[in-house]
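Subject: Handover of a structure for your study

Dear colleague,

Please find below the structure that I am passing on to you. My notes on what was found in it follow directly after.

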Amino acid sequence: MGLEQPNVSREGRRRRIALAITLLPILVLTLSPGPAAPREPISVWCVVCGWRGASDALLNVALFVPFGIALGALGLPARVALVVGCVSSIGIELAQFVVPNRYPGLGDVIYNGLGACFGVLLYTWRYRLLDPADRLAARRRTWTWGALGTLGLVSQAWLLGPAIADPGPRLVFTPVTDWGTRYGGRVLELRVDGRALAEGDLPDGESLARIDEGAEIDVLVEAGPPSEGIVPLAVLDRGAGGEELFAIVLDHLDIAVRYRTNGMALRLDRPLARWYRGAAAWAEGDTIALRVRAIGEGIVVDHEGATAAPGLPAAPGPHELRVSTGRGWGFLMFPRFLARRPPPPVDFTWMLLIATPLGIWGAPRAATVCSLAWIGVLQGLPTLSPLVAGSTAGSVGVLAGVLMGLLLRLIHENPEPFKWWKPLSSLYGPADGSDDLASPSETPLGERVVE
């Protein structure tokens with residue numbers, strides 16, 4: 001007589017393996033030595049730490065969400081997952097005391113625990129969120145996500161806006177950076193709307209306001225050898241060790257303008273616009289007349305005086321420095337290795353990930369309208385703000401994300417044809433929330449054996 005029973009041990013083993021897989025990137029990202037650069041002093045008891053503390057908080061939550069989903073697949077409730085996430089994070093933070101250039105803090109423990117808890121809730125609510133019978137709720141969620149996404153995309157223009165007006169700035173030429181680098185050339189003269197400013201001057205409020213509004217900044221530079229990293233030519237900051245308010249910088253052969261943004265005022269990171277290979281034609285000893293139109297009317301850079309060194313063709317100017325509308329990820333983290341090259345693949349992936357929920361709730365008409373609105377913002381926002389550029393890669397990512405979401409929805413509603421893909425089987429347990437590892441009759445995709 002044949003008796004069907006689920007192969008509980010094999011299913012549970014797969015879920016434990018999934019848990020280990022989600023933990024591996026956490027260990028790699030948190031226990032690898034950090035960059036060897038000085039950092040502002042941060043207390044181990046701080047909760048929102050450093051000038052990009054809000055970005056770090058959001059990233060720490062997101063880092064532990066997959067771990068929380070895996071904990072949920074093992075049947076742990078949200079309160080237990082919160083404890084497990086916090087205990088795991090405490091272990092990681094303690095280990096960071098002996099890892100070079102890592103800075104443990106109480107905030108990391110809190111946000112990691114919240115991420116694990118949120119992951120468990122996502123797993124627990126997966127049937128409620130994807131209920132095929134509740135079409136009204138699906139449309140409501142799609143419209144809500146679409147409205148939040150539209151607001152987020154439009155807000156980029158404000159987040160990139162300048163917030164540099166501040167009492168007591170000082171002007172510094174070719175300072176030594178935190179990375180120990182310094183430009184090998186020298187600044188001969190700097191003028192703001194024709195007014196000469198010498199190194200060490202304290203620009204008045206009117207000069208700072210003019211930089212905000214679109215002043216013409218002329219910098220006369222005696223070119224040095226190509227830089228080996230980010231090196232400022234001229235910097236406005238708040239004094240020794242103070243916050244940088246505005247800077248004209250070189251990064252290898254690129255020219256960039258950095259300034260304190262509204263996003264930085266909210267402790268978010270700063271995506272950096274640059275003129276790729278803008279200084280490629282500068283030869284050591286050249287006297288370069290560098291002209292920068294500052295922020296308010298859009299950042300435009302041009303120069304003359306380069307001799308076009310052999311093998312390094314001059315990039316045509318003037319050049320507008322803009323940030324792609326698909327680069328919202330840069331407000332969370334803008335690593336240096338991405339800054340030195342155009343990153344449209346990352347723009348595509350970012351928009352794909354945040355557009356996937358538009359399709360996954362299974363409201364095609366609402367998803368279509370919202371995705372078109374997103375694409376309209378991605379391509380149309382540059383007409384309203386001179387600081388952003390359209391993003392074709394991001395627009396394609398929106399379309400790909402909606403299609404991926406609809407495909408995942410199809411798999412959820414029709415899992416049987418996809419049962420060959422074992423990782424998906426753990427997503428389809430009983431819709432009533434009971435323990436699918438302990439209930440043989442309610443495990444639709446569990447493997448069965450016949451005795």
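R277 counts as partly exposed because its relative accessibility is 37%; buried means under 20% relative accessible area, exposed over 50%, and partly exposed in between, with a 1.4 Å probe and protein chains only. R277 is placed in the loop between β9 and β10, and its phi is near 60 degrees, a positive value in a residue other than glycine. Most residues other than glycine have a negative phi. T174 has a positive phi as well, near 40 degrees. T174 lies in the loop between β2 (170-173) and β3, and T174 counts as buried because its relative accessibility is 7%.

Please note that this is a predicted model, in which local features need pLDDT of at least 70 and side-chain atom pairs count only at pLDDT 80 or more, while totals for chains, interfaces and linings use all residues. Residues are numbered from 1 along each chain as its sequence is written, and side-chain values use heavy atoms, with hydrogens and water left out.

The strands come next. Helices (H or I, at least four residues) and strands (E, at least two) are DSSP runs, numbered from the N terminus. Two strands pair if DSSP finds at least two bridges between them. Strand β5 (residues 216-222) pairs with strand β3 (residues 186-192) in the antiparallel sense over six bridges, and R186 stands opposite E222 in β5. β5 is also joined by seven bridges to strand β10 (residues 287-293), again antiparallel; here V219 has L290 in β10 as its bridge partner. Which residues of β5 form its covered face, and which its uncovered one? I217, V219 and V221 are on the covered face, whereas E216, D218, L220 and E222 are on the uncovered one.

β10 in turn pairs with strand β11 (residues 299-304) in the antiparallel sense, over five bridges, and A289 has E304 in β11 as its bridge partner. These two strands, β10 and β11, form a hairpin with five residues between them, and G298 in the turn has a positive phi of about 100 degrees. β11 then pairs with strand β12 (residues 319-321) over three antiparallel bridges, where V300 has E320 in β12 as its bridge partner.

L272 is found in the loop between α8 (262-265) and β9 (274-275). L272 is buried because its relative accessible area is 12%. From L272 to R327 the separation is 55 residues in sequence and 9.9 Å in space, C-alpha to C-alpha.

Turning to the helices, α12 (residues 392-413) has 22 residues, which at 1.5 Å a residue should span 32 Å; its end C-alpha atoms are 32 Å apart, so the two values agree. The expected span is 1.5 Å times one less than the number of residues. Among the buried residues of α12 are G394, G397, V398, G401 and G405. An α-helix has 3.6 residues a turn, so residues three or four places apart point the same way. At the start of α12, a side-chain oxygen of S391 comes to within 2.9 Å of the backbone nitrogen of G394.

Finally, F97 is placed in the loop between α3 and α4, and F97 is exposed because its relative accessible area is 55%.

With kind regards

Technical notes
Polar contact = N/O pair within 3.5 Å; in protein donor to acceptor, adjacent residues only side chain to side chain.
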